[in-house]
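My entries follow in the order in which I made them.

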Amino acid sequence: MTISENQVRDILQQVIHPASGKSIVETGIVKNVIVKDNKIVIELKFENPNDPLKNSIKRACETILKEKFQGAEIEVDLNQDQKTPPKNPAPEILSSVKNIVAVASGKGGVGKSTVAVNLAVAFAKAGFRTGLIDADIFGPSIPKMLQSEDSKPYARNVNGRDMIIPVEKYGVKVLSIGFFVDPEDATIWRGPLASNALKQLMTDADWGELDYMFIDLPPGTSDIHLTLVQTVPVTGAVIVSTPQNVALADAIKGINMFANENINVPVLGLIENMSWFTPDELPDKKYYLFGRDGCKNLAAKLNVPFLGQIPIVQSIMEAGDTGVPSVLKNDLVSGAFKTIADNLVMQVTKRNTELNPTEKVLITHGKKH
Ligand SMILES: Nc1ncnc2c1ncn2[C@@H]1O[C@H](COP(=O)(O)OP(=O)(O)O)[C@@H](O)[C@H]1O
Ligand SMILES: [Mg+2]
C-alpha cells in the first residue's frame with residue numbers, strides 16, 4: 001500500500017488542539033509531512049514553544065497514525081528551534097491581580113480542593129473579583145467540583161498574543177489543566193511538563209483585573225510549589241489539614257516550606273477540615289473522629305492564625321460530586337465556609353498592612369526547603 005501525504009494530513013485533521021478547538025492541520029501546527037516508502041515523518045510546530053499540550057498532541061498523532069497506517073514506521077518531531085520571541089513581550093505575570101493566595105496541605109485528601117472552591121465562590125459572592133487556578137496538574141478536581149468538566153476554554157488574541165480565556169462559573173474565573181487533557185492522562189505528565197502547564201495557566205491567560213486569585217496546589221511540597229513561588233509573588237498561603245496527628249505532622253512541613261527564608265511566603269492561616277462528624281439524625285452530636293481541635297492547637301503553638309473549622313458532612317462530599325459548592329446553600333456548613341472567608345480577608349488585609357509585598361523566588365537549585 002502506498003501512503004500519500006494527503007492521506008496523512010486527512011487523518012491528522014482529527015487531532016484537535018483543545019485551546020483553539022481547531023484541528024492541528026487547520027491551525028498550521030502540522031508543519032511538514034514526509035512519506036518515504038514505509039516511513040511517515042511529521043513535524044509539528046507550535047505557535048507557543050512552551051505549549052503545555054505539545055507532548056500530549058505529539059502522542060495523539062503517534063497513536064492515530066499507528067492505528068491508521070499499521071505497519072508503517074511513524075516519527076513525530078517537535079520543531080525544536082522555536083526561539084523566536086512573541087511579537088509583544090509578555091507583560092508582568094498576573095500583575096493586575098491584587099492578592100494571590102495559595103491553598104496547600106501536607107497530605108492529600110484532606111479537603112484542599114473543597115476549601116479552595118468554596119473560598120473562591122464565597123469571595124466572588126462577597127463582591128471580590130476572584131480567580132481560581134487548579135494547580136493540581138496530576139489530579140485536577142476543580143472542573144468536576146464546579147460542574148464545568150465539559151468546558152473547553154478557547155484562546156483569543158489580546159494585544160498580539162494568544163491568551164486563554166478562563167471559564168466563568170459561579171462568578172469565579174477558573175482554569176484547570178483538566179479542561180485541556182483527560183484527567184486520567186494528567187497523572188502521567190512528567191515534572192517539567194507539569195510545571196510548564198501551570199506557568200501557562202498563569203502567563204498565557206487573560207485573567208483581567210482580580211482582587212483575589214486562589215491557587216489549589218497538589219498535596220505536599222513539589223516542583224509545582226516551587227514553580228508557583230518562582231513565577232508570581234504569592235501574597236500568602238493557607239494550609240488545610242484534618243485534626244489527625246499524621247496530617248498535622250505533614251501540615252507543619254507545608255508551613256515550614258512557605259516560611260523558609262528562601263521562599264518567604266507568609267502563612268495566612270490554618271484551616272481545620274473534617275473537625276467532627278454530625279449525623280443527620282442526631283444534629284446536636286459531634287463525633288471527633290480525627291481528634292479534637294488538632295489544627296486549632298497547632299495554630300496556637302506555631303503562632304499562625306486559625307481561620308476556622310469545617311465538619312464532616314455528607315452534603316459537602318455530595319456538593320463536590322455534583323459541582324454545586326456548599327457555600328451556595330444557606331445552612332450551617334455554608335456558614336462555616338463564609339466565616340473562614342471573612343477571617344481570610346481580615347488576615348490578608350493585616351498582612352498587606354504589616355508586611356512588604358512578597359517577592360518572587362529567584363533561586364533555582366537545591367534550596368527548596
Ligand atoms: N468536610 C467534609 N465533609 C465531607 N466530605 C468532605 C469534606 N471535605 C472534603 N470532603 C470530600 O473528601 C474528598 C477529598 O477532598 P478534596 O477536596 O478533593 O481533597 P484534596 O484536594 O485535599 O485532595 C472529596 O470527595 C470531598 O468531597
Ligand atoms: Mg485536590
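I looked up F258 and found that it counts as buried because it has 22 C-beta neighbours inside 10 Å. The class is buried if 20 or more other C-beta atoms lie within 10 Å of the residue's own, exposed if 12 or fewer, and partly exposed in between, with C-beta atoms placed from the backbone. F258 is found in helix α8. For helices I used DSSP runs of H or I with at least four residues, and for strands runs of E with at least two, numbered from the N terminus.

This is a predicted model, in which local features need pLDDT of at least 70 and side-chain atom pairs count only at pLDDT 80 or more, while totals for chains, interfaces and linings use all residues. Residues are numbered from 1 along each chain as its sequence is written, and chains are lettered from A and ligands numbered from 1 in the order in which they are written.

I then listed the contacts of F258, leaving aside neighbours within four places in sequence, and got A237, I263, V265 and V267. A contact here means that the C-beta atoms of two residues, placed from the backbone, lie within 7 Å. I also noted T221, which is 37 residues from F258 along the chain, with 9.6 Å between the C-alpha atoms.

Entry on the helix pair. Two packed helices are described by the angle between their axes and the distance between the axes. I took α8 (residues 245-259) and α9 (residues 294-302), whose axes come within 10 Å and cross at roughly 35 degrees. The axes are lines fitted to C-alpha atoms, for helices over the stretch in contact, and angles run from 0 to 180 degrees between N-to-C directions. The crossing of α8 past α9 is right-handed; that is, the near helix is turned clockwise from the far one by less than a right angle, anticlockwise being left-handed. On the α8 side the contact uses N245, L248, A251 and I255, and on the α9 side G294, C295, L298 and L302. Ala, Val, Leu, Ile, Met, Phe, Trp, Tyr, Cys and Pro count as nonpolar, Asp, Glu, Lys and Arg as charged, and the others, Gly among them, as polar.

Entry on positive phi. Most residues other than glycine have a negative phi. D293 is not a glycine, yet has a positive phi of about 60 degrees. D293 sits in the loop between β14 and α9, and is partly exposed because it has 16 C-beta neighbours inside 10 Å. Q147 also has a positive phi, near 50 degrees. I placed Q147 in the loop between α4 (142-145) and β8 (155-158), and its 15 C-beta neighbours inside 10 Å make it partly exposed.

Entry on V324. This residue is in the loop between α10 and α11 (332-354). Q147 and A319 are its contacts once neighbours within four places in sequence are left aside. K144 is 180 residues from V324 along the chain, and their C-alpha atoms are separated by 9.4 Å. V324 is partly exposed, since 16 other C-beta atoms lie within 10 Å.

Entry on ligand 1. I found 17 residues around it, the closest being G111, K112, S113, T114 and G320. A residue is near the ligand if its C-beta atom, placed from the backbone, lies within 6 Å of it. At least two shell residues come from each of α3 (112-125), β14 (267-277), β15 (306-312) and α10 (314-322). The shell has seven nonpolar, nine polar and one charged residues.

Entry on domains. The chain is divided into domain 1 (5-78) and domain 2 (97-354), with bounds from an automatic or database domain assignment. Their C-alpha centres lie 36 Å apart. In the contact, 11 residues of domain 1 meet 13 residues of domain 2. The domain 1 side has four nonpolar, six polar and one charged residues.

Last entry, I24. I found I24 in the loop between β2 (22-23) and β3 (30-36). It is buried because 23 other C-beta atoms lie within 10 Å. Its contacts beyond four places in sequence are L12, V15, H17, I29, V30 and I57.
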